[in-house]
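Trainee: I would like to learn how to read the features of a model step by step. Could you take me through one?

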Amino acid sequence: MSVHDDLTSVQRAVDDLMRSVGRLEQQLGGGLEVRRVRTDADHLRESVALLRVASEGPATAPRPSLVTISDAPYDITLWTDSDDEGLGARDRHAP
């Protein structure tokens, strides 16, 4: 069996499960136990849908170009008028 056939089989089983849970909910009412089973079945259905999307292959998004950063030291004049984080400027005092 292919992955597509397996996913289709799983989807049918989940659909049957959802119908059965619906029938149980009508017969037993909306108690906590039935709501928990309903929630679990909903999560299972969502997971199968995610598996189906993932099996279709990765999206072909363009890879970002790499930027090379030199190991050479920076020019010290870049920080002449900068503030020290949390301390403020060198020639001023905190209020």
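Trainee: Is Arg 38 buried, partly exposed or exposed?

Mentor: Burial is judged by relative accessible area, where buried means under 20%, exposed over 50% and partly exposed in between, with a 1.4 Å probe and protein chains only. Arg 38 has a relative accessible area of 22%, so Arg 38 is partly exposed. Please keep in mind that this is a predicted model, in which local features need pLDDT of at least 70 and side-chain atom pairs count only at pLDDT 80 or more, while totals for chains, interfaces and linings use all residues. Residues are numbered from 1 along each chain as its sequence is written, and side-chain values use heavy atoms, with hydrogens and water left out.

Trainee: With which residue does Arg 38 form a salt bridge?

Mentor: Side chains of opposite charge can pair when their charged atoms come close. The term salt bridge is used for a side-chain nitrogen of Lys or Arg within 4 Å of a carboxyl oxygen of Asp or Glu. Here Arg 38 pairs with Glu 25, and their closest N and O atoms are 2.7 Å apart. This pair links distant parts of the chain, since Arg 38 lies in helix α2 and Glu 25 in helix α1, 13 residues apart.

Trainee: How many salt bridges are found in the whole structure?

Mentor: The search finds 3. One of them joins the side chains of Arg 19 and Asp 16 at 2.2 Å, N to O, and these two residues are 3 residues apart in helix α1, which means that about one helical turn separates them. In another, the side chains of Asp 42 and Arg 45 meet at 3.3 Å, N to O; both lie in helix α2, 3 residues apart.

Trainee: How is a helix defined, and what length does α2 have between its end C-alpha atoms?

Mentor: Helices (H or I, at least four residues) are DSSP runs, numbered from the N terminus, and the expected span is 1.5 Å times one less than the number of residues. For α2, the 24 residues should span 34 Å, and the end C-alpha atoms are 34 Å apart, which agrees.

Trainee: Which residues of α2 are buried, and against what do they pack?

Mentor: Val 34, Ala 41 and Val 48 are buried in α2, and the buried residues of α2 pack against α1. Contact means heavy atoms within 4.5 Å.
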